[in-house]
Amino acid sequence: EKKRHMGDTKHFCPVSLKENFVLHPGLYEHAAKYQDKIYYFSTSECRDKFLKNPELYVAHNEPIEAPPLRVCLLGTHGAGKTTCARQAADKLGIFHIQFEEYLQELILPKTKKKVGPGFNKELEDDDNKMPFLSQELEVFSQTMTKTETEKKLQEVELTDEEEAIKANLMDNEALPPGVLDNIVLDWWNNEPFRSTGFILDGFPRTLDEAQYLSERGLCPDVVFYIQVEESDILDRLFPPRLKKWKERQCKIKENKKKLKDMKAKIRV
């Protein structure tokens with residue numbers, strides 16, 4: 001291997017680099033020789049493209065430009081991925097993309113609130129502890145005209161893609177490849193990500209999502225997995241959640257007191 005005179009892209013596929021701006025490792029079985037140099041290709045189709053017009057994929061007056069850094073950062077919830085990703089992205093001058101937060105932002109204009117197990121539980125607790133608020137909302141809704149109700153329902157109607165995103169956030173249902181195409185491809189193919197690079201925080205999350213990247217030829221340059229002891233995760237996540245729970249309990253007590261005072265005034 002070391003004695004071979006490698007092409008301009010070394011062991012990476014020149015066709016994937018030229019057409020997709022991705023460093024895709026070439027395979028030994030898909031090799032070709034051009035002007036006494038050996039080139040490796042990711043697929044036989046890429047090799048055939050190269051052989052039809054090799055001058056399109058080789059360097060001429062200047063070296064071939066390499067793509068920017070693309071990183072996937074993985075780890076369990078609470079491992080500190082987002083903190084590390086922000087610091088690294090700032091230091092390297094590349095984008096930080098928090099995948100689940102990005103999904104939330106896509107449907108937030110219609111849902112008006114973040115969705116998922118961590119968010120719904122708080123709302124359910126508050127609704128159960130403050131029935132008078134639900135009663136007021138019910139009375140208000142009964143006074144709305146039929147036209148206004150239909151208009152409101154129409155405004156919050158989700159598209160098929162938005163429904164798929166919501167199901168993924170709430171029930172961890174897999175995102176269809178078509179939905180991923182509308183989200184993920186931009187980060188590899190379109191500006192400003194294409195020429196700047198990024199750290200993708202929390203993706204891929206499943207084997208299917210990893211296979212999706214492979215099938216689309218979207219190769220990250222580096223993949224990091226942050227492994228943390230469970231005790232460390234508990235130390236990080238439990239105190240702020242306990243504080244938030246205590247604040248909710250105080251709020252519920254205040255509302256109960258207000259309700260009691262209101263009833264007392266009515267009796268008087």
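How many helices and strands does the chain have? The chain has 12 helices and six strands, where helices (H or I, at least four residues) and strands (E, at least two) are DSSP runs numbered from the N terminus. The model is predicted, so to speak of local features requires a pLDDT of at least 70, side-chain atom pairs count only at pLDDT 80 or more, and totals for chains, interfaces and linings use all residues. Residues are numbered from 1 along each chain as its sequence is written, and side-chain values use heavy atoms, with hydrogens and water left out.

Of the 268 residues in the chain, 32% are buried; buried means under 20% relative accessible area, exposed means over 50%, and partly exposed lies in between (1.4 Å probe, protein chains only). Among the contacts in the chain with a separation of 6 or more, 69% come from residues 24 or more positions apart, a contact being heavy atoms within 4.5 Å.

We can turn next to the sheet. Strands of a sheet pair through backbone hydrogen bonds, either parallel or antiparallel. Here, four strands form an open sheet in the order 4-5-3-6, with parallel pairing; two strands pair if DSSP finds at least two bridges between them. Strand 4 (95-98) and strand 6 (222-226) stand at the edges with a single partner strand each, so one side of each has no neighbour in the sheet. From one strand to the next, the twist averages 20°. Strand 3 (residues 70-75) pairs with strand 6 in the parallel sense over five bridges, and Cys72 has Val223 in strand 6 as its bridge partner. Helix 4 (residues 99-111) lies across strand 4 and strand 5 (198-201), and runs at about 75° to strand 4. Axes are lines fitted to C-alpha atoms, for helices over the stretch in contact, and angles run from 0 to 180 degrees between N-to-C directions.

Ala89 is found in helix 3 (residues 81-92). With a relative accessible area of 5%, Ala89 is buried. Leaving aside residues up to four places away in sequence, Ala89 touches Ile94, Phe95, His96 and Ile199. Ala89 and Leu200 are 111 residues apart in sequence, yet 9.8 Å apart in space, C-alpha to C-alpha.

A pair of helices comes next. The axes of helix 8 (residues 160-171) and helix 9 (residues 177-189) come within 10 Å and cross at roughly 90°. Helix 8 is therefore roughly perpendicular to helix 9; angles under 35 degrees count as roughly parallel, over 145 as roughly antiparallel, 65 to 115 as roughly perpendicular and the rest as oblique. Glu161, Ala164 and Ile165 of helix 8 make the contact with Val179, Asn182 and Ile183 of helix 9.

Finally, the aromatic rings. The whole structure holds 10 aromatic pairs; rings of Phe, Tyr and Trp (its six-membered ring) pair if their centres lie within 6.5 Å, and planes under 30 degrees apart count as stacked, over 60 as edge-to-face and the rest as tilted. Phe41 and Phe50 form a tilted pair, because their ring centres are 5.0 Å apart and their planes stand at 50°. Phe41 is buried at 0% relative accessibility, and Phe50 is buried at 0%. Tyr102 and Trp187 make an edge-to-face pair, 5.2 Å centre to centre with 75° between the planes. This pair links distant parts of the chain, with Tyr102 in helix 4 and Trp187 in helix 9, 85 residues apart. Tyr102 is partly exposed at 28% relative accessibility, whereas Trp187 is buried at 1%.
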